[in-house]
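User: I would like to go through the strand pairing in this model. Could you take my questions one at a time?

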Amino acid sequence: MQELAAVALETARSKGASYADIRINRYKQQSLFAREDHVQNANAQERYGFGVRVLVDGVWGFAASMQVSKEHVARITAEAVSIARANRATMHDPVELVPIPKAVDTWQTPIVKDPFRVSVQTKADLLLAMNAAALKAGASFVNSGVFSVAEDKYFASTDGCAISQLLTRVWPLCVVTVVDKGTGRFDTRAVLSSPMGTGWEYVESYPLVAEAAQAAEQCKEKLAAKSVTPGKKDLVLSPENMWLTIHESIGHPTELDRALGYEANFAGTSFVTPDQLNKLQYGAAKWMNVVGDKTQRDGLATCGYDDDGVKTTQFDIVKDGRFVGYQTIREQVARYGKSLGDTRLKACCYADDYSSNPFQRMPNVSLRPHDWGGKKVGWEQMVAEVKDGVLIEGAGSFSIDQQRYNFQFGGQVFWEIKNGKKVGMLRDVAYQARTPQFWGSLDMVGSDHFYKLGGSFFDGKGQPIQTNSVSHGSSWCRFRGVNVINTGRKI
Amino acid sequence: MSFLSDADAKRITEKVLGLATAPETVVYLNPSRGGNTRFARNEVTTSGYAETCIVLVTSRYGLRQGSAQTNQIDDGSLAEVVRRAEEIARLAPEDPETMPVLGPQTYTAAPGLFAADADQLTADFRGKIVADAIGQAKSKGLEAAGFVQNFSDADALATSRGLFVYRRTTGIVYNITARSNDGGSGWGGGVSNSVAGFEPSSMTARAMDIALKSAKPVALEPGNYTAILPAECVADLAVNLLNGFDQRGIDEGRSFLSQFQKQIAAGEKLFSEKVTLISDPASREAPGNNFDIEGLPIHRTDWVKDGVVKSIACSRYWAKKTGRQPLPAWQNLIMSGGAASIDEMVASTQRGLLVTRFWYVRPVDPHTALFTGLTRDGCFLVENGKVTRPVKNFRWNETPVKMLRNIQAMGPTRRVITSERDIASALAFPALKVTDFTFSSLSDAV
């Protein structure tokens, strides 16, 4: 590994690069799916290759190959240099990098049980047990699956970094469908498990089989439920719903590359413009504290070092409701750090493959639970103070505009709240809001007893599109007077 | 990369099949190379070149099946990927839906997929497109961000029953967003399998033109409007609709088409008689793949003809179980168009909205094929046959079923990319003028 890295770094230097790094990575993914009483698609994937990134006269060049040998490393490094040179004409602000500590280190996701050492039979048995429980409880159909992912990464740079990391993630999932043959309607309810940056122990600890049965029961109930009356209502949202709302309405808008226009052509920009730093009241001062954290235990984006070779850290994004910090990467600190008044390295650089160009990706972004002095505060306390509202569990349909203002989110299970009580299930529910108003209407955050991580295995950004795995933690939350729409239609 | 040829693919797939000990084996090989250049804030940001490969081996022991994938093609890696696939297959429980691997098949030629002029494009080729875009943006006082990508790959599939099929594909995609400092934003983009006939300068010009015209948008009340939708928007919704054309899903009662089974069987219209939607690998407008991941041939298929559903995709397993013929899902989609230009659609509209493109289209209710999404990069009010002013963007909640019933006018069919797919898009659609499109809330996003 070191010898291959030396070839890349030396070739880059000799061809005029002021900086170079190489990532030599092996990716493993195992997946297994089942529908009803049988397993389908047992699959094991492996990808191995390297990517070389060079800075020549302040211009990036990148090239990658799956042909891993000294000869190909030299060839691909030369290609990266020539790509950088081809783009010099259109560069007006040369890229600079702030100095970072030289890191020679290893890091791995702290796991108890390696998911790649769990047998196919054990995994199949789990999926079939979930499916059987759902079918017994009245599901018409049930699809379940489990992913295991490992990134075995090596990073070396002309700054003297040499970092080995082993990242592990798992994701058990199950979706139950019930068809009402009388009405011709159908609906689904997913088990609320989440992808996690852990070993197999998360899969073992989550009550998957019991919840699969509950999902079938609730799906039947949902089909027979009252269609929601639209209007302004109070919302009580579970951590399993909150993660996606946090992701879309706080995670993405506080990425500096978006705020500056680097993603304007695809993912979009942000309403959180640089002049808003330390000024924008993002949400309710008493309740809203949001952190970016790539060191968080069990987080999908958690690692020791980012793909710039920068040590990962925790940082404030929203403090007492005020926007106080962007997510950034090394080159942004050099170019924009002083003008923003924020020169802290936040280690948010990531590439999803050896063949992908590293760029700014979201760390775990979470809403801190409220300090209730040890008192357990969750949905029951919140519901007690609601006259007309909806309690939502789980994440569902999601869509948000390219500056992250207007969003519309669904859920898995919706409960009507009337006069302080959870009274019965609803269907056809989505909530639609404008981000700053929504967070301004936050008027209660639960205690840490209910804090949970949810997350996405496949968050997309960039061109060509890259995926990022990222977690978002939250306790229960309550929002006042949010626009609830009815999604029922006839065709 | 040196193993994109027919002979190389044959050699590698034969080696894999020779290593296999399972009764049945399928090997899929997909080497590729490609480059891309991104720009934003009127300068290049990143640019790269990558060589990748997929070797996917599926092994079957009766009804037990497993697959393994690598990206390495040395002898040791090929032996290892076969060993892993067979190990997983032996350990996997029986899957009653497992179908025998296919023998030799007859395929429709898809000559438009590959073009020699797009096989080995360089950063300089992409750089010229980018330099032109940035130059134009600067001269107009706009800020441009965009992306150029080219690729060349091969797909080969071989089975232990003697099937071998191979194709080459090339592609170029370009898209650009131009923004003004007073709230204007415009977009242009396209995709092609060949350099010949690919005109990025017209896409750049469209983005700049819309950016200048959409400045200082005003808020308009949400509601149901007549909408003039460019081909990109129509494709965004129609693609999602066609994903529900699955026989098993319909039979199981979990497709939006399940409620229309009687009408489909009776040959009744579900959409406007103007709607004809087909797949055809041999299409000149948007060439499509001619075999699927099992090696099943893809021939011309009429999904909807004159508003009547004519075909529904059906897996091999479901076809066998229900006594039907298997039919692969769509790989390219072409919707027949008309002759109306956007200007003519505007001229015939009393009050409506002219849209540039959609964004973040997601399903809301699969029972009614209800989707939500937003307008982006230029939305305009049309009054009394004229575009009168730029308006702020909207969130919409609508079903493509209704869009395809409410057609008033159709433009010519052209190749498009959708809002969140680009390089793999094989889609050709017309612009549509449709009535009663549901714009449900305002978006302040530019």
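User: Which residue does K233(A) stand opposite in β25(A)?
Analyst: K233(A) faces V482(A) in that strand. Please note that the model is predicted.

User: How many bridges join β9 of chain A to β25(A), and in which sense do they run?
Analyst: There are 6 bridges between β9 (residues 231–237) and β25 (residues 477–486) of chain A, and the two strands run antiparallel.

User: What about β21 of chain A and β25(A)?
Analyst: Strand β21 (residues 429–434) of chain A pairs with β25(A) over 4 bridges, in the antiparallel sense. Within β25(A), N486(A) is the bridge partner of V429(A).

User: And how many bridges link β22 of chain A with β25(A)?
Analyst: Strand β22 (residues 442–445) of chain A has 3 bridges to β25(A), again with antiparallel pairing. There, L442(A) has F479(A) as its bridge partner.

User: Turning to chain B, what is the strand order in the open sheet of 6 strands?
Analyst: The order is β10-β9-β8-β11-β18-β17 (chain B), and the pairing is mixed.

User: Which are the edge strands?
Analyst: They are β10 (308–309) and β17 (414–416) of chain B, each of which pairs on one side only. β17(B) is joined by 3 bridges to β18 (residues 427–429) of chain B, and these two run antiparallel. V416(B) has L427(B) as its bridge partner in β18(B).

User: Which strands does helix α5 of chain B touch?
Analyst: Helix α5 (residues 231–242) packs on the sheet and touches β8 (277–279), β9 (301–305), β11 (333–335), β17 and β18 of chain B. The direction of the helix makes about 120° with that of β18(B).

Methods: Residues numbered from 1 in each chain as written. Chains lettered and ligands numbered in written order. Predicted model: local features only at pLDDT ≥ 70, side-chain atom pairs only at ≥ 80, totals over all residues. Pairing = 2+ DSSP bridges. Contact = placed C-beta atoms within 7 Å. Axes fitted to C-alpha atoms, helices over the stretch in contact; angles between N-to-C directions.
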